[in-house]
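I am opening my notebook on a new structure today. Come along as I look things up one at a time.

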Amino acid sequence: MLVLGIESSCDETGVALYDSEQKLVAHQIYSQIELHALYGGVVPELASRDHIRKLPLLVDAALEEAGKEYSDIDGIAFTEGPGLIGALMVGALYAEGLSYALKKPLLGVNHMEAHLQAVHLEDEVPEYPFMTLLVSGGHSQLVLVKAFGEYEILGDTLDDAVGEAFDKTAKLMGLPYPGGAKLAKMAEEGDDKAYDFPRPMIHSGDLKFSFSGLKTKVAMTIKDSTEADYPNIAASFQRAVIDTLVVKTKRAVTEYHVKSIVIAGGVAANKLLRQELARVMEPMGVRVFYPRPLFCTDNGAMVAYVGHERLMRNQGSLNYDVKLKARWPLSTLSSKQESEQE
Ligand SMILES: Nc1ncnc2c1ncn2[C@@H]1O[C@H](COP(=O)(O)OP(=O)(O)OP(=O)(O)O)[C@@H](O)[C@H]1O
Ligand SMILES: [Mg+2]
């Protein structure tokens with residue numbers, strides 16, 4: 001089965017083709033970062049308009065990359081949520097149109113399930129059950145993955161997501177949007193012991209996160225500093241965030257006795273996070289898995305993969321009653337049905 005996957009939930013247009021035998025056969029991505037950098041964040045209307053411009057071109061490019069025709073497509077998967085409604089609508093309407101024209105089943109995919117399953121695009125994959133630390137621009141969660149489609153959210157953020165905290169801190173240091181990766185780069189030049197920033201909620205005994213207090217403390221420090229101090233601030237901030245993530249992840253792994261941990265979402269591209277989790281988990285006999293950096297941030301390959309798994313389970317349809325979802329918690333999914341409509 002050859003599945004076309006379409007991602008358009010935010011500021012990346014992603015298209016990929018996933019085949020049952022050959023796995024990922026095409027992967028195209030267009031990032032709108034430059035378009036939005038001027039405004040310091042994503043402008044939803046501009047995002048939607050740009051998805052309209054790029055999506056058909058990327059589908060053509062993906063088919064050419066794989067040496068396939070439209071008629072070779074057996075099913076179409078698109079991101080149905082969570083995300084910006086206008087941006088999601090572009091992918092959904094395109095996917096509906098193509099499904100109608102080709103008479104091939106359509107399936108809406110949960111973007112967070114796609115991030116969480118992106119690790120299956122790699123050669124080495126974890127066995128179920130595993131723990132996932134899902135850290136992106138909009139989410140910070142610890143998720144127990146019992147089986148494909150069976151997710152239990154064990155802890156969430158009370159305020160900012162990790163990626164958001166990275167981006168906001170980077171902005172205060174004058175780094176262009178989205179600054180998370182640039183801040184991580186700057187941190188390589190700094191001393192992570194220069195500032196003793198708080199490790200939020202590490203003694204709370206639960207699996208919840210909160211980053212607004214840390215962010216405020218760092219913002220106050222930046223105000224009283226010069227640019228020469230920024231690398232040290234960046235390194236100390238990154239260390240505080242990662243120490244917090246590692247403590248909570250260790251607690252989750254211990255409580256739920258899993259043998260594998262997956263890091264997913266854009267912040268999973270952070271090198272120090274990967275190193276530190278591996279350093280702490282390996283002596284516990286727990287292996288750490290993560291997608292390659294390209295598949296940590298938004299992409300069509302993860303949507304094509306989840307789409308393929310669900311379309312193979314006959315969860316697609318030719319019914320065009322799509323209900324896009326700005327919010328769509330992972331815990332409402334199941335391995336059997338596509339979703340429970342909100
Ligand atoms: N090396 C890095 N270190 C820290 N943060 C990073 C790094 N690389 C990317 N990020 C952050 O990852 C986030 C982008 O990830 P992703 O594309 O998964 O998020 P999103 O799609 O905006 O949010 P969501 O998936 O929750 O809707 C941004 O906040 C970005 O700054
Ligand atoms: Mg994302």
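Why does ligand 1 lie between domain 1 and domain 2? I looked up where its shell comes from: domain 1 (2-116 + 296-332) and domain 2 (126-290) both give residues to the shell, so ligand 1 lies between them. A reminder to myself: this is a predicted model.

**Entry: the shell around ligand 1**

I looked up the neighbours next and found that 21 residues surround ligand 1. The closest are Ser136, His139, Asp167, Gly266 and Asp298. Sorted by class, the shell holds seven nonpolar, 12 polar and two charged residues. I also checked the helices: α4 (111-117), α5 (162-172) and α6 (180-187) each supply at least two residues of this shell.

**Entry: polar atoms and cover**

Which residues place a polar atom by an oxygen atom of ligand 1? Gly163 does it with a polar backbone atom, 3.2 Å from an oxygen atom of the ligand. For Gly180, a backbone N or O atom lies 3.3 Å from a ligand oxygen. Asp298 uses its side chain instead, with a polar atom 2.8 Å from an oxygen atom of ligand 1. I then looked up the cover: on its own, ligand 1 has 640 Å² of accessible area, and the protein covers 86% of that.

Are His115 and Asp298 buried or exposed? The cut-off I need is that buried means under 20% relative accessible area. His115 has 3% relative accessibility, so it counts as buried. Asp298 is buried too, because its relative accessible area is 12%.

**Entry: a look at Asp160**

Where is Asp160? I found it in the loop between β8 (150-155) and α5. With a relative accessible area of 7%, Asp160 is buried. Its side chain makes a polar contact with the side chain of Lys215, at 2.6 Å.

Notes. Residues are numbered from 1 along each chain as its sequence is written. Chains are lettered from A and ligands numbered from 1 in the order in which they are written. This is a predicted model: local features need pLDDT of at least 70, side-chain atom pairs count only at pLDDT 80 or more; totals for chains, interfaces and linings use all residues. Side-chain values use heavy atoms; hydrogens and water are left out. A residue is near a molecule or strand if one of its heavy atoms lies within 4 Å of it. A polar contact is a pair of N or O atoms within 3.5 Å; within protein, one must be able to donate a hydrogen and the other to accept it, and residues adjacent in sequence count only if both atoms are side-chain atoms. Accessible areas come from the Shrake-Rupley method with a 1.4 Å probe; for residues, only the protein chains shown count as cover. Helices (H or I, at least four residues) and strands (E, at least two) are DSSP runs, numbered from the N terminus. Ala, Val, Leu, Ile, Met, Phe, Trp, Tyr, Cys and Pro count as nonpolar, Asp, Glu, Lys and Arg as charged, and the others, Gly among them, as polar. Domain bounds come from an automatic or database domain assignment. Buried means under 20% relative accessible area, exposed over 50%, partly exposed in between (1.4 Å probe, protein chains only).
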